Amino acid sequence: MNCEIKNVAKFFAGRSIFMTGGTGFVGKVFVEKLLRSCPEIDKLYLLIREKKGVPVEERLKNMFSLPLYDKLNEMNPSVYKKVIPINGDTAEKDLGMDPTDRQIIIDNVSIIIHNAANVRFDDSLKHAILNNTRSIRDICILGESMKKLAVLLHISSTYAHCDIPVVNEIPYKSKIDWRDAIKIAENVDDYLLKILTSKYIGTFPNTYIFTKKLAEDVVNYYSDRLPCVICRPSIITNTVTEPFPGWIDNFNGPIGLMVGGGKGIVRTTYSNPNKIMDYMPVDYAVKMFILAIYTRAQKTIEQHPTMIYNVSTYNVKRITLGYMVSASLRLNHVNPVSNPLWYPDASIIPYFFLFYIYFTVFQLIPSVVVDQILKLTGRKPILVKIQRKIYISSVFLFYFTHNSWDFVNNKSLQLLDCVSDEDKADFSVNPHLTSKEDAILCAIIGSKKYLLKEEIDVEKNKRGLRRMWYYHITVKTLWYILFLWFFLHTFMKWI
């Protein structure tokens with residue numbers, strides 16, 4: 001292959017970057033990687049909104065105090081001076097930016113990274129369109145005013161095209177015009193829009209997927225004027241290598257299932273055990289984004305109107321949902337969570353009626369009993385509330401846990417083949433380096449440390465797990481005895 005990606009850090013040197021979504025899960029890792037591996041960047045402008053009364057400067061300070069940035073704090077803490085918070089909101093028109101800040105971006109920035117998105121599956125159509133579709137339109141309008149613009153990276157999702165079974169690294173046009181969608185969101189009454197939502201989004205499972213597909217239409221529309229590149233990551237999980245293994249800050253995706261199963265809260269899941277899950281470690285994804293930016297900058301708009309990469313593990317590491325659940329339960333015995341509510345044991349059920357029975361008997365009813373005990377002892381009941389969230393999540397994720405897609409990633413793998421030897425350590429990834437079991441164990445340990453805030457005392461946790469096993473066997477035995485007695489008592493009456 002006639003290509004070479006070299007001197008990536010040097011490419012970023014002296015350039016200013018404007019990023020949205022820098023305080024989200026992916027954004028935090030992206031910011032850390034840029035500052036650590038490309039320290040010669042000129043400025044990194046982060047669009048941040050005030051949240052719950054916390055100013056943007058304070059939010060940025062809190063972000064840099066996370067364990068994720070410990071390595072950077074040791075290596076080069078002065079690099080934080082290059083990070084400039086810009087007050088704004090992607091849900092607002094023109095990104096909610098002050099005209100002065102907007103002019104600073106226009107005059108100085110040469111790379112735009114649009115990473116912000118509202119990932120709530122139950123979000124209203126209005127808010128989803130404004131946040132996920134109108135925002136990229138406003139980003140593109142901003143880009144048209146920038147004389148120095150070298151690359152506009154839009155981070156999409158492989159699932160933006162879940163209406164087709166095989167997703168290639170090419171543009172796909174939506175049946176809905178994105179301009180009409182924005183006009184409707186801006187002008188139609190909220191109540192009426194809620195009524196029309198299911199009809200308007202058609203076969204798409206939720207408003208998030210629908211508006212992310214429209215967002216790609218926007219990028220493709222502007223790609224004859226702007227140097228655009230689209231990266232479509234699949235399900236993003238914890239770090240596996242950089243800056244250290246296991247970092248995670250949310251319970252989304254497989255992490256919630258692993259933690260819930262390990263704690264004994266999740267006893268059954270409404271899924272297809274043979275469903276192939278495409279999990280992409282966040283540090284791998286960020287490296288691919290950086291390589292995509294570099295490659296896009298080497299091409300003219302005429303050569304490639306839109307460059308598209310599926311950042312997935314297709315034909316690299318295929319994990320079924322059944323394997324993930326069984327492996328996580330097995331590995332939980334090697335490194336158990338502390339203080340499980342019950343002995344970990346989860347089943348995968350693809351039929352709703354059966355799932356509903358199992359969920360009610362083995363999750364909901366025990367949670368009601370435990371909550372009543374908590375009330376009697378003066379503590380706050382929480383389990384029924386958690387189970388409600390688990391049930392709603394299971395129903396919302398039904399579409400994704402019962403269907404499979406092929407996210408073809410030939411162009412993405414070609415990027416990795418092009419990385420020069422001198423840049424491989426910092427910017428290349430080896431998806432074969434970590435086994436499936438090691439990746440799951442890394443996720444379990446990371447969630448224990450960074451989500452549950454538990455001390456890694458393996459022997460103590462193993463003793464607690466054994467104790468819970470005895471409780472589990474005792475209750476199970478009593479349950480079978482009670483069931484057998486009831487059956488025999490009823491049977492004797494019949495005869």
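Analyst: The sulfur of Cys 228 lies 5.3 Å from the closest cysteine sulfur, that of Cys 140, which is too far for a bond. A disulfide would need the two sulfur atoms within 2.5 Å. This is a predicted model. A search of the whole structure finds zero disulfides. Cys 140 is accordingly in no disulfide. Cys 228 is buried, with a relative accessible area of 0%. Cys 140 also counts as buried, at 0% relative accessibility.

Now the helix. Helix α8 runs over residues 190-201. Its 12 residues should span 16 Å at 1.5 Å a residue, and the end C-alpha atoms are 16 Å apart, which agrees.

Next, its two faces. Leu 193, Thr 197 and Ile 201 of α8 are buried. They cover an arc of only 70 degrees around the axis, so they sit on the same side of α8. An α-helix has 3.6 residues a turn, so residues three or four places apart point the same way. The face turned away from the buried side carries the exposed residues Tyr 191, Ser 198 and Lys 199.

What covers the buried residues of α8? The cover includes α6 (125-144), α7 (178-187) and α9 (207-222).

Last, the ends. Asp 189 caps the N-terminal end of α8. One of its side-chain oxygens lies 3.0 Å from the backbone nitrogen of Tyr 191. Just after α8, Gly 202 takes a positive phi of about 65 degrees.

Key:
Residues numbered from 1 in each chain as written. Predicted model: local features only at pLDDT ≥ 70, side-chain atom pairs only at ≥ 80, totals over all residues. Heavy atoms only, no water. Helix = DSSP H or I, 4+ residues; strand = E, 2+ residues; numbered from the N terminus. Expected span 1.5 Å × (residues − 1). Buried < 20%, exposed > 50% of the residue type's maximum accessible area, 1.4 Å probe, protein only. Arc of directions from axis to C-beta. Contact = heavy atoms within 4.5 Å. Polar contact = N/O pair within 3.5 Å; in protein donor to acceptor, adjacent residues only side chain to side chain.
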